[in-house]
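My entries follow in the order I made them.

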Amino acid sequence: MPYFHVVYTLPSELRDIAYQNKRVVYDLLMKAAAETTLAIAADPKRLGARIGVTAVLHTWGSALTHHPHVHMIVPGGGFSLDKARWVASRSNFLVHVNVLARLFRGKMLAMLMDAHDGGQLTFFNTHAGLAEKRTFKRFIAALRRIHWVVHCKAPFAGPEQVLRYLSRYTHRVAISNRRLVAADNTSVAFRCKDYRINGPGRWKTMRLHPHEFIRRFLMHVLPKGFHRIRHYGLFANANRAENIATARALLHIVPPADPPKQPDITPDALRVLPCPCPRCGARMIAIEMFARGCEPSWRPMPSTVDTS
């Protein structure tokens, strides 16, 4: 079964507003992207199937600039509308990106207007005038006339490639340690991509003042409690297990065997480790585990010497 990598990008005209209203706009971005994908796939003129979506929010570019976008992993098929059969897409085509872009633009702008009417958006500095409804409507009208960027393609190396890429950023923010080159009191140097160049020459070293580096890094800290990984459609948490079982039955796939249950071990029980003792070769037994810098509570009994 093919999988597709879909990316929805927020236009640059909305990025300052998104930064000033992170929780609201990021939430709307993920909802609009998911609703667009599910609606187009369910259209009988397109795929005509109920599909599943796993979405991950990214907010950065390679140079730590503010670049909100949503990555999605979408299986190439889903349930028929009566849930009686599996509807498969072509191996290299899911839906046309122009169709996705137009619907995404309409949904996102409608959601922003509703949020503005509900008093959920705040504006500062040069954008303070957008708090007035008429000004905001003119601002939104201009965004209806520009092209919104959406990508949809089957990954060359399969879904594992996309999962590997997204997994690098699920538990960290913006930049990995391996991209950091040097740091001192005057600058921070790190490697970044120039996407205008193809080939190995696209990797360059950027130097920023420490204050600017910290500012760019902190732009990508999400609001507390915000869920950056979400599942929609067949993968929604409420019915995911049932839907996956149904999909396997329709595709005639044998479900994987349950892993063997590990026996319960009490905290005080001795644990036999697989690695041998370097001195005697016997299996090592963990008597106690304690954190670095802490003193163990267990002490060996002093050996007694028989002097009789």
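I take helices (H or I, at least four residues) and strands (E, at least two) as DSSP runs, numbered from the N terminus. The model is predicted, so I read local features only at pLDDT of at least 70 and side-chain atom pairs only at pLDDT 80 or more, while totals for chains, interfaces and linings use all residues. Residues are numbered from 1 along each chain as its sequence is written, and side-chain values use heavy atoms, with hydrogens and water left out.

**Entry 1: Val97**

I found Val97 in helix H3. I call a residue buried under 20% relative accessible area, exposed over 50%, and partly exposed in between (1.4 Å probe, protein chains only). Val97 has a relative accessible area of 25%, so I logged it as partly exposed.

**Entry 2: salt bridges**

My rule for a salt bridge is a side-chain nitrogen of Lys or Arg within 4 Å of a carboxyl oxygen of Asp or Glu. By this rule I have nine salt bridges.

I looked at Lys107 and Glu35, whose side chains form a salt bridge at 3.6 Å, N to O. This pair links distant parts of the chain, 72 residues apart: Lys107 is in helix H3 (residues 97-117) and Glu35 in helix H2 (residues 22-42). Lys107 is partly exposed at 24%. Glu35 is partly exposed at 37%.

Next came Lys133 and Asp117, with their closest N and O atoms 3.8 Å apart in a salt bridge. Lys133 sits in helix H4 (residues 133-143) and Asp117 in helix H3, so the pair ties together parts 16 residues apart in sequence. Lys133 is partly exposed, at 45%. Asp117 is partly exposed, at 45%.

Which residue does Arg215 bridge to? Its partner is Glu212, with the closest N and O atoms 2.9 Å apart. Both are in helix H6 (residues 210-218), and because they are three residues apart, about one helical turn separates them. I also noted a network: Asp27, Lys31 and Arg230 are joined by salt bridges that share partners.

**Entry 3: Arg179**

Arg179 is in the loop between helix H5 (159-167) and strand S7 (180-183). Arg179 is buried but has no salt bridge, and the nearest side chain of opposite charge, Asp194, is 12 Å away. For charge I count Lys and Arg as positive and Asp and Glu as negative, leaving out His and the chain ends. What lies 2.3 Å from a polar atom of the Arg179 side chain? I found the backbone oxygen of Ser62 there.

**Entry 4: positive phi**

Most residues other than glycine have a negative phi. I listed Lys83, which is not a glycine and has a positive phi of about 65 degrees. Lys83 is in the loop between strand S4 (77-79) and strand S5 (86-88). At 30% relative accessibility, Lys83 is partly exposed.

I also listed His252, with a positive phi near 60 degrees. His252 is in the loop between helix H7 (240-250) and strand S11 (271-276). Is His252 buried or exposed? At 72% relative accessibility, it counts as exposed.

Conventions:
Polar contact = N/O pair within 3.5 Å; in protein donor to acceptor, adjacent residues only side chain to side chain.
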